[in-house]
There are 2 protein chains.
Amino acid sequence: MSQTEASTIETTDSAVTAAILVIGDEILSGRTKDKNIGYIAEYLTNIGIDLREVRVVPDIEEEIVAAVNALRSRYTHVFTTGGIGPTHDDITADSVARAFGVPIDVDERAVKLLLERIPKADLNEARLRMARIPEGADLIENSVSKAPGFSIGNVHVMAGVPTIMQAMLDAVTPRLKTGKKILSRSFPARAKEGDVAVPLRAVQEHFPDVSMGSYPTFEEGVGPTTNLVLRSRDQTRLDEAEAAVKAMLEQIHIRLAGRA
Amino acid sequence: MSQTEASTIETTDSAVTAAILVIGDEILSGRTKDKNIGYIAEYLTNIGIDLREVRVVPDIEEEIVAAVNALRSRYTHVFTTGGIGPTHDDITADSVARAFGVPIDVDERAVKLLLERIPKADLNEARLRMARIPEGADLIENSVSKAPGFSIGNVHVMAGVPTIMQAMLDAVTPRLKTGKKILSRSFPARAKEGDVAVPLRAVQEHFPDVSMGSYPTFEEGVGPTTNLVLRSRDQTRLDEAEAAVKAMLEQIHIRLAGRA
């Protein structure tokens, strides 16, 4: 596995960073398989935000409060998923309010959105829970089923259902501070990872600003091989690094051919 | 989303708990989609271990050390995945050694295993990295590709490649302290989550030792509906809770039918 030097790229002052906080016992019990982490990770990479950490915690208020506070102080953005439905264990909104030390109550803007979908007679105590929004938060539109998410400070609270989460992520993105997108190059090494590792490290040392990842894989008819991924925010440096790695690979191929 | 009272089940003294620590920039960049969290979560549930937290961190030593130490002091077991290959950024073994404050070096037991698969001439510096094991650790067998994982204290260090991780999890399980398995019942509520939530909470209050989860879903030809999941370590209490919930659902169906 690979890409340690992404750390070098990402610790520049200009980096916009993020964490994901997944909230829900159903993920921890294995009953529901998370589909949001991979989606958000790829989405953030594409808009120039570096995902630095993910946590999954249970539906327990102290756990959520502690995780929200640990993450929001460390990263530019925190994205939470899950725990904003109508049941007794949907405690994300209240927990986030507590993390920020602000009051929370039924929000008239959110009620109005719910009424676009739910008849007034059906807007019972449980469903009104979905309109509980911390004071000072901005709503995040939910184009799928209306019940909104919200942003407070740098914390963006979204649903756990993947289709709804994805709609909310689209809705919140225009408001986000984003960074310079990381560019990448991917190509096969045509050699085993164990043969590539040492020379790759030597090239990596010359390009501390280019992340060099190697991923072992198995190619039908060829056997164990390796894919390389180079990542940088600088096009020119990426070109130079690619040329250096490809020259290094040529040497490996000559050496291995001589030994065969 | 649901199941808050699992917390109540799990905070009994007898509970055996766990955390997963996923190590790898490739997961955070979204390039690789994690397949291990859901697998391990379900696996642990089936052997009576309560997964309480998951973290994903980058290939940065301080991050790994901090996460290992935070998690190992809180939970019965910690399972790590990723970062034990041959490349410069495979730093999990060294980071775990540092977290425990023990030396690490090439381990002859591990070298012997590698030689079962790799010719001695090919056992270069990079591949020997895969034999670096912290002092005092027990090896975890890798029936897929030989390079072993290891257990030190309550931390079990496994590969990131899913097939290898799964083989290692099978190998380490007989050594693990496990708990009493949580039993579960699952049945459809035949009502919307917003109609079920308040009465379900009332029943939940009578059964603090039974986790009651509700999961909104969409049934073709029926519309939005809800699945209920009850979980407990006690068969009798689970039976009683199921009867109580089903009686509650009957009342809801009568009320909704009367209104239709």
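Predicted model: local features only at pLDDT ≥ 70, side-chain atom pairs only at ≥ 80, totals over all residues.

Colleague: What pLDDT does chain A average?

Modeller: The average for chain A is 90, and 94% of the residues score at least 70.

Colleague: Where does pLDDT stay under 50 in chain A?

Modeller: Over residues 1-12. The model has 47 contacts beyond four places in sequence for that stretch of chain A.

Colleague: New topic. Which domains is chain A divided into?

Modeller: Domain 1 covers 6-175 and domain 2 covers 183-259. Taken over C-alpha atoms, the centres of these two domains of chain A are separated by 38 Å.

Colleague: And the two chains, what rotation superposes chain A on chain B?

Modeller: A rotation of 180°, with 0.0 Å of shift along its axis, and the RMSD is 0.1 Å. That is the relation of a two-fold axis.

Colleague: Which C-alpha in chain A is nearest the axis?

Modeller: The C-alpha of Arg55(A), which is 2.2 Å from the axis. The same surface serves both copies, as 100% of the contact residues of chain A recur in chain B.

Colleague: How many residues of chain A are in contact with chain B?

Modeller: There are 57 residues of chain A in contact with 57 residues of chain B. Several elements of chain A each supply at least two residues of the side that touches chain B, among them α3 (36-46), β2 (49-57), α9 (193-206) and β10 (211-219).

Colleague: How do the residues on that side of chain A divide into nonpolar, polar and charged?

Modeller: On the side of chain A that touches chain B, 20 are nonpolar, 20 are polar and 17 are charged.

Colleague: In which sense do β2(A) and β2 of chain B pair, parallel or antiparallel?

Modeller: β2(A) and strand β2 (residues 49-57) of chain B pair in the antiparallel sense, over three bridges. Val56(A) has Val54(B) as its bridge partner, and Val54(A) has Val56(B).

Colleague: What does β2(B) pair with inside chain B?

Modeller: Strand β1 (residues 16-23) of chain B pairs with β2(B) in the parallel sense, over eight bridges. Val16(B) has Ile49(B) as its bridge partner in β2(B), while the partner of Ile23(B) is Val57(B).

Colleague: And on from β1(B), which strand does it pair with over five bridges?

Modeller: That is strand β3 (residues 77-81) of chain B, again in the parallel sense. One of the bridges joins Val22(B) to Thr81(B) in β3(B).

Colleague: Are these strands covered or open? Start with β2(B).

Modeller: Nine of the nine residues of β2(B) are buried, so this strand is largely enclosed by the rest of the structure. β1(B) is mostly covered, with six of its eight residues buried.

Colleague: Switching to helices. Why is α5 of chain A described as largely enclosed?

Modeller: Helix α5 (residues 92-100) of chain A is largely enclosed by the rest of the structure because seven of its nine residues are buried. The buried residues of α5(A) include Thr92(A), Val96(A) and Phe100(A).

Colleague: What follows α5(A)?

Modeller: Gly101(A), whose phi is positive, near 65°.

Colleague: Now Glu62(A): buried or exposed?

Modeller: Glu62(A) counts as exposed, because it has 11 C-beta neighbours inside 10 Å, and the cut-off for exposed is 12 or fewer. Glu62(A) lies in helix α4 (residues 61-72) of chain A.

Colleague: Last one, Gly223(B). Where is its place in chain B?

Modeller: Gly223(B) is in strand β11 (residues 223-232) of chain B. With 8 C-beta neighbours inside 10 Å, Gly223(B) counts as exposed. The C-alpha atoms of Gly223(B) and Ala191(B) are separated by 9.4 Å, and these residues are 32 apart along the chain.

Methods:
Residues numbered from 1 in each chain as written. Chains lettered and ligands numbered in written order. pLDDT = per-residue confidence, 0-100. Contact = placed C-beta atoms within 7 Å. Domains from an automatic or database assignment. Least-squares fit on C-alpha atoms with pLDDT ≥ 70 in both. Helix = DSSP H or I, 4+ residues; strand = E, 2+ residues; numbered from the N terminus. Nonpolar A, V, L, I, M, F, W, Y, C, P; charged D, E, K, R; others polar. Pairing = 2+ DSSP bridges. Buried ≥ 20, exposed ≤ 12 C-beta atoms within 10 Å, placed from the backbone.
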